[in-house]
Amino acid sequence: MDIIANVKSGKGKGAKCLSAVTSYLDEHGIQYNVHVTERVGHGKELASELCNSGATTLVALGGDGTFHEVLNGIDFDKARLGLVPAGRGNDFAIGTKAASLDPVKAIADIVRGEHKELDYIQVGDKRCLNVAGTGMDVDVLLKTANSHNKLTYTASLFRCLLKFKPYHVEVTTNGETKEYDCIMVGVCNGSQFGGGIKLSPFSVADDGTLDLMIVEKPKRTPTIFVMPKFVKGKLTNKPYYHLVKCEAVHIKTPAPVELDGEIYYDLDFDAHVVKGGVKTFAASE
(Lines give C-alpha, C1' and ligand atoms only; values in the text may rest on other atoms or scores of the structure.)
Protein backbone atom coordinates (compact mmCIF):
# COMPACT_ATOMS: atom_id res chain seq x y z
CA MET A 1 0.00 0.00 0.00
CA ASP A 2 1.30 3.43 -0.99
CA ILE A 3 -0.12 6.55 0.66
CA ILE A 4 0.09 9.87 -1.18
CA ALA A 5 -0.49 12.42 1.57
CA ASN A 6 -1.01 16.15 1.57
CA VAL A 7 -0.12 16.89 5.18
CA LYS A 8 -0.96 20.59 4.73
CA SER A 9 -4.54 19.99 3.63
CA GLY A 10 -7.43 21.11 5.79
CA LYS A 11 -5.32 23.57 7.81
CA GLY A 12 -3.25 20.75 9.29
CA LYS A 13 -5.95 18.09 9.23
CA GLY A 14 -3.87 16.15 6.72
CA ALA A 15 -1.03 15.60 9.17
CA LYS A 16 -3.40 14.47 11.92
CA CYS A 17 -5.22 12.08 9.59
CA LEU A 18 -1.94 10.63 8.36
CA SER A 19 -0.86 9.97 11.95
CA ALA A 20 -4.15 8.18 12.67
CA VAL A 21 -3.88 6.12 9.48
CA THR A 22 -0.28 5.01 10.04
CA SER A 23 -1.03 4.14 13.67
CA TYR A 24 -3.85 1.87 12.50
CA LEU A 25 -1.67 0.21 9.87
CA ASP A 26 1.20 -0.30 12.35
CA GLU A 27 -1.15 -1.76 14.92
CA HIS A 28 -2.46 -4.28 12.37
CA GLY A 29 0.95 -5.14 10.91
CA ILE A 30 0.14 -3.85 7.44
CA GLN A 31 3.04 -2.74 5.25
CA TYR A 32 2.84 0.69 3.66
CA ASN A 33 4.90 3.54 2.26
CA VAL A 34 4.13 7.24 2.73
CA HIS A 35 4.81 9.78 0.00
CA VAL A 36 4.24 13.40 1.06
CA THR A 37 3.30 15.91 -1.63
CA GLU A 38 5.58 18.91 -1.79
CA ARG A 39 4.00 21.17 -4.42
CA VAL A 40 1.01 21.61 -6.68
CA GLY A 41 0.85 18.72 -9.14
CA HIS A 42 3.13 16.48 -7.10
CA GLY A 43 0.30 14.07 -6.29
CA LYS A 44 -0.19 13.36 -10.00
CA GLU A 45 3.54 12.79 -10.49
CA LEU A 46 3.77 10.44 -7.52
CA ALA A 47 0.75 8.43 -8.63
CA SER A 48 2.17 7.94 -12.11
CA GLU A 49 5.61 7.00 -10.83
CA LEU A 50 4.23 4.54 -8.28
CA CYS A 51 2.01 2.81 -10.85
CA ASN A 52 4.99 2.45 -13.16
CA SER A 53 6.93 0.93 -10.24
CA GLY A 54 4.34 -1.77 -9.59
CA ALA A 55 2.05 -0.23 -6.96
CA THR A 56 -1.34 -1.90 -6.77
CA THR A 57 -3.08 0.21 -4.10
CA LEU A 58 -2.72 3.98 -3.96
CA VAL A 59 -4.30 5.86 -1.08
CA ALA A 60 -4.95 9.56 -1.63
CA LEU A 61 -5.00 11.37 1.73
CA GLY A 62 -6.04 15.00 1.54
CA GLY A 63 -8.79 17.22 0.19
CA ASP A 64 -10.60 17.12 -3.14
CA GLY A 65 -7.60 18.79 -4.79
CA THR A 66 -5.35 15.93 -3.71
CA PHE A 67 -7.93 13.41 -4.92
CA HIS A 68 -7.96 15.24 -8.27
CA GLU A 69 -4.19 15.06 -8.65
CA VAL A 70 -3.94 11.37 -7.79
CA LEU A 71 -6.91 10.57 -10.05
CA ASN A 72 -5.04 12.16 -12.94
CA GLY A 73 -1.84 10.23 -12.28
CA ILE A 74 -3.12 6.75 -11.46
CA ASP A 75 -3.26 3.93 -14.00
CA PHE A 76 -6.43 2.00 -13.19
CA ASP A 77 -5.17 -0.98 -15.19
CA LYS A 78 -2.45 -1.37 -12.56
CA ALA A 79 -3.78 0.05 -9.29
CA ARG A 80 -6.91 0.69 -7.24
CA LEU A 81 -7.55 4.04 -5.53
CA GLY A 82 -8.34 4.44 -1.84
CA LEU A 83 -9.63 7.74 -0.45
CA VAL A 84 -8.99 9.22 3.00
CA PRO A 85 -10.69 12.65 3.21
CA ALA A 86 -8.57 15.23 5.02
CA GLY A 87 -9.56 18.57 3.52
CA ARG A 88 -11.61 21.52 4.69
CA GLY A 89 -14.72 20.73 2.66
CA ASN A 90 -14.40 17.05 1.69
CA ASP A 91 -17.26 17.62 -0.73
CA PHE A 92 -16.84 14.47 -2.78
CA ALA A 93 -16.76 12.16 0.23
CA ILE A 94 -19.70 13.87 1.92
CA GLY A 95 -21.81 14.17 -1.20
CA THR A 96 -21.28 10.60 -2.41
CA LYS A 97 -20.44 8.77 0.83
CA ALA A 98 -17.53 7.27 -1.11
CA ALA A 99 -15.30 7.29 2.00
CA SER A 100 -15.70 7.81 5.72
CA LEU A 101 -14.70 11.16 7.19
CA ASP A 102 -13.14 9.23 10.07
CA PRO A 103 -9.59 8.46 8.84
CA VAL A 104 -9.40 5.20 10.80
CA LYS A 105 -12.68 3.97 9.30
CA ALA A 106 -11.59 5.12 5.86
CA ILE A 107 -8.31 3.21 5.96
CA ALA A 108 -10.00 0.19 7.56
CA ASP A 109 -12.40 0.05 4.60
CA ILE A 110 -9.46 0.13 2.21
CA VAL A 111 -7.74 -2.67 4.10
CA ARG A 112 -11.00 -4.64 4.11
CA GLY A 113 -10.67 -4.57 0.36
CA GLU A 114 -14.24 -4.73 -0.95
CA HIS A 115 -14.07 -3.42 -4.50
CA LYS A 116 -16.34 -0.68 -5.83
CA GLU A 117 -16.43 1.27 -9.08
CA LEU A 118 -17.44 4.91 -9.46
CA ASP A 119 -17.74 7.13 -12.52
CA TYR A 120 -15.53 10.08 -13.34
CA ILE A 121 -15.75 13.00 -15.78
CA GLN A 122 -13.30 13.16 -18.67
CA VAL A 123 -12.68 16.75 -19.81
CA GLY A 124 -10.23 16.84 -22.68
CA ASP A 125 -7.17 14.99 -21.39
CA LYS A 126 -8.05 15.63 -17.73
CA ARG A 127 -10.06 13.54 -15.28
CA CYS A 128 -12.51 15.08 -12.81
CA LEU A 129 -13.94 13.24 -9.83
CA ASN A 130 -16.60 15.58 -8.47
CA VAL A 131 -17.63 18.73 -10.39
CA ALA A 132 -16.39 20.46 -13.54
CA GLY A 133 -17.59 24.04 -13.83
CA THR A 134 -17.30 27.40 -15.53
CA GLY A 135 -18.55 30.88 -14.76
CA MET A 136 -18.95 32.38 -11.33
CA ASP A 137 -17.33 29.40 -9.57
CA VAL A 138 -14.01 30.19 -11.26
CA ASP A 139 -14.18 33.83 -10.08
CA VAL A 140 -14.95 32.64 -6.58
CA LEU A 141 -12.09 30.15 -6.52
CA LEU A 142 -9.66 32.83 -7.66
CA LYS A 143 -10.90 35.25 -5.01
CA THR A 144 -10.66 32.56 -2.32
CA ALA A 145 -7.14 31.57 -3.36
CA ASN A 146 -5.96 35.20 -3.34
CA SER A 147 -7.67 36.13 -0.09
CA HIS A 148 -5.40 37.11 2.78
CA ASN A 149 -7.98 36.15 5.37
CA LYS A 150 -8.93 32.84 3.70
CA LEU A 151 -12.53 33.54 2.86
CA THR A 152 -14.77 30.53 2.70
CA TYR A 153 -16.19 29.67 -0.70
CA THR A 154 -19.68 30.79 0.32
CA ALA A 155 -18.52 34.14 1.68
CA SER A 156 -16.48 34.75 -1.46
CA LEU A 157 -19.49 33.82 -3.60
CA PHE A 158 -21.59 36.57 -2.04
CA ARG A 159 -18.80 39.12 -2.45
CA CYS A 160 -18.37 38.27 -6.13
CA LEU A 161 -22.09 38.71 -6.74
CA LEU A 162 -21.91 42.35 -5.73
CA LYS A 163 -20.11 43.03 -9.04
CA PHE A 164 -21.65 40.18 -10.99
CA LYS A 165 -21.96 40.18 -14.78
CA PRO A 166 -23.53 37.09 -16.38
CA TYR A 167 -21.47 34.75 -18.55
CA HIS A 168 -22.77 33.96 -22.02
CA VAL A 169 -22.33 30.25 -22.73
CA GLU A 170 -23.34 27.82 -25.47
CA VAL A 171 -24.24 24.34 -24.28
CA THR A 172 -24.56 21.30 -26.57
CA THR A 173 -25.89 18.04 -25.17
CA ASN A 174 -28.35 15.31 -26.08
CA GLY A 175 -28.39 16.61 -29.66
CA GLU A 176 -29.43 20.16 -28.74
CA THR A 177 -27.52 23.44 -28.59
CA LYS A 178 -28.79 26.26 -26.39
CA GLU A 179 -27.39 29.60 -25.24
CA TYR A 180 -27.64 31.04 -21.75
CA ASP A 181 -26.68 34.17 -19.81
CA CYS A 182 -25.79 32.40 -16.63
CA ILE A 183 -24.25 32.51 -13.21
CA MET A 184 -22.51 29.20 -13.77
CA VAL A 185 -22.61 25.85 -15.49
CA GLY A 186 -21.62 22.68 -13.64
CA VAL A 187 -21.10 19.16 -14.95
CA CYS A 188 -21.65 17.05 -11.88
CA ASN A 189 -20.66 13.56 -10.82
CA GLY A 190 -20.97 14.41 -7.13
CA SER A 191 -23.75 16.44 -5.53
CA GLN A 192 -21.93 19.29 -3.76
CA PHE A 193 -18.86 21.52 -3.90
CA GLY A 194 -17.42 24.66 -2.33
CA GLY A 195 -17.59 23.35 1.23
CA GLY A 196 -21.19 22.16 1.24
CA ILE A 197 -23.00 23.99 -1.55
CA LYS A 198 -25.67 21.60 -2.85
CA LEU A 199 -24.99 22.27 -6.50
CA SER A 200 -26.69 19.16 -7.87
CA PRO A 201 -28.51 17.48 -4.98
CA PHE A 202 -29.70 14.45 -6.96
CA SER A 203 -26.36 13.43 -8.49
CA VAL A 204 -25.11 9.87 -7.97
CA ALA A 205 -21.48 8.99 -8.68
CA ASP A 206 -22.06 5.48 -9.99
CA ASP A 207 -25.16 5.80 -12.18
CA GLY A 208 -23.29 6.07 -15.50
CA THR A 209 -24.58 9.59 -16.22
CA LEU A 210 -23.64 13.20 -15.59
CA ASP A 211 -25.88 15.94 -14.26
CA LEU A 212 -25.58 19.14 -16.26
CA MET A 213 -26.55 22.05 -13.99
CA ILE A 214 -27.18 25.53 -15.40
CA VAL A 215 -28.15 28.54 -13.29
CA GLU A 216 -29.26 31.46 -15.46
CA LYS A 217 -29.30 35.05 -14.29
CA PRO A 218 -32.82 35.55 -12.89
CA LYS A 219 -34.87 38.09 -14.83
CA ARG A 220 -36.88 39.57 -11.99
CA THR A 221 -34.96 38.68 -8.85
CA PRO A 222 -31.60 40.24 -7.89
CA THR A 223 -29.04 37.47 -8.21
CA ILE A 224 -27.72 37.90 -4.69
CA PHE A 225 -31.17 37.01 -3.29
CA VAL A 226 -31.07 33.70 -5.15
CA MET A 227 -27.86 32.53 -3.53
CA PRO A 228 -29.18 31.31 -0.16
CA LYS A 229 -31.42 28.79 -1.95
CA PHE A 230 -28.63 27.92 -4.37
CA VAL A 231 -26.31 27.07 -1.48
CA LYS A 232 -28.96 24.79 0.06
CA GLY A 233 -29.88 23.05 -3.20
CA LYS A 234 -33.38 24.51 -3.26
CA LEU A 235 -33.44 26.04 -6.75
CA THR A 236 -34.50 22.88 -8.56
CA ASN A 237 -38.06 24.13 -9.12
CA LYS A 238 -37.07 27.58 -10.38
CA PRO A 239 -37.31 28.52 -14.09
CA TYR A 240 -33.72 29.80 -14.17
CA TYR A 241 -32.30 26.50 -12.84
CA HIS A 242 -31.84 23.69 -15.36
CA LEU A 243 -30.76 20.13 -14.59
CA VAL A 244 -30.18 17.76 -17.52
CA LYS A 245 -29.11 14.12 -17.41
CA CYS A 246 -26.52 13.37 -20.07
CA GLU A 247 -23.48 11.28 -20.92
CA ALA A 248 -21.59 14.02 -22.75
CA VAL A 249 -21.70 17.80 -23.08
CA HIS A 250 -19.75 20.52 -24.88
CA ILE A 251 -19.71 24.03 -23.42
CA LYS A 252 -18.41 27.16 -25.12
CA THR A 253 -17.47 29.65 -22.42
CA PRO A 254 -15.37 32.83 -22.12
CA ALA A 255 -14.27 31.79 -18.63
CA PRO A 256 -11.63 29.27 -17.56
CA VAL A 257 -12.71 25.80 -16.45
CA GLU A 258 -12.41 24.37 -12.95
CA LEU A 259 -12.15 20.66 -12.23
CA ASP A 260 -12.49 19.63 -8.58
CA GLY A 261 -11.54 23.18 -7.62
CA GLU A 262 -8.41 23.28 -9.80
CA ILE A 263 -8.46 25.97 -12.50
CA TYR A 264 -7.46 25.32 -16.13
CA TYR A 265 -7.09 28.23 -18.55
CA ASP A 266 -6.58 26.44 -21.88
CA LEU A 267 -8.91 23.47 -21.55
CA ASP A 268 -11.72 22.89 -24.03
CA PHE A 269 -14.85 22.17 -21.98
CA ASP A 270 -15.74 18.95 -23.79
CA ALA A 271 -16.86 16.47 -21.13
CA HIS A 272 -18.13 12.91 -21.02
CA VAL A 273 -18.71 10.31 -18.33
CA VAL A 274 -16.37 7.36 -17.92
CA LYS A 275 -18.66 4.72 -16.46
CA GLY A 276 -17.10 2.75 -13.62
CA GLY A 277 -13.73 4.28 -14.41
CA VAL A 278 -12.69 4.85 -10.80
CA LYS A 279 -11.62 1.54 -9.28
CA THR A 280 -11.88 2.14 -5.56
CA PHE A 281 -13.03 0.50 -2.31
CA ALA A 282 -16.49 0.32 -0.79
CA ALA A 283 -17.15 2.36 2.32
CA SER A 284 -18.89 0.53 5.18
CA GLU A 285 -22.13 1.90 6.55
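**Entry 1: ground rules**

I worked on a predicted model, where local features need pLDDT of at least 70, side-chain atom pairs count only at pLDDT 80 or more, and totals for chains, interfaces and linings use all residues. Residues are numbered from 1 along each chain as its sequence is written, and side-chain values use heavy atoms, with hydrogens and water left out.

**Entry 2: salt bridges**

I looked for salt bridges (a side-chain nitrogen of Lys or Arg within 4 Å of a carboxyl oxygen of Asp or Glu). The count came to ten.

I began with glutamate 117 and arginine 80, whose side chains meet with N to O at 2.9 Å. This pair links distant parts of the chain: glutamate 117 sits in strand 5 and arginine 80 in strand 4 (residues 80-85), 37 residues apart. I took strands as DSSP runs of E, at least two residues, and helices as runs of H or I, at least four, both numbered from the N terminus. Arginine 80 is buried at 12%. Glutamate 117 is partly exposed at 35%.

Next I checked aspartate 206 and lysine 116, which form a salt bridge of 3.2 Å, N to O. Here 90 residues separate the partners, with aspartate 206 in the loop between strand 9 (176-188) and strand 10 (210-216), and lysine 116 in strand 5. Aspartate 206 has 38% relative accessibility and counts as partly exposed. Lysine 116 is partly exposed too, at 30%.

Then I turned to glutamate 247 and lysine 275, where the closest N and O atoms are 3.2 Å apart in a salt bridge. Lysine 275 is exposed at 52%. Glutamate 247 is partly exposed at 43%.

I also noted a network: salt bridges with shared partners join Asp109, Arg112 and Glu114.

**Entry 3: second largest pocket**

I ran a 1 Å grid over the protein atoms alone; a pocket is an open set of points with protein on both sides within 12 Å along at least five of seven lines, a cavity is a set where a 1.4 Å probe fits but cannot get out, and lining residues have an atom within 4 Å of a point. Points are joined across faces, edges and corners, and volume is the space filled by probe spheres set on them.

The second largest pocket holds about 380 Å³. Its lining has 19 residues, with Thr96, Lys97, Ala98, Ala283 and Ser284 nearest the centre. Helix 4 (91-96), helix 5 (103-112) and strand 5 (115-123) each supply at least two of the lining residues. By class I found eight nonpolar, five polar and six charged.

**Entry 4: largest cavity**

How many cavities of 30 Å³ or more does the structure hold? I found two. The largest has a volume of about 60 Å³. Its lining includes Gly82, Leu83, Asp109, Ile110 and Phe281. Strand 4, helix 5 and strand 15 each give at least two lining residues. Helix 5 gives the most, three. The cavity lining divides into eight nonpolar, three polar and one charged.

Technical notes
Nonpolar A, V, L, I, M, F, W, Y, C, P; charged D, E, K, R; others polar. Buried < 20%, exposed > 50% of the residue type's maximum accessible area, 1.4 Å probe, protein only.
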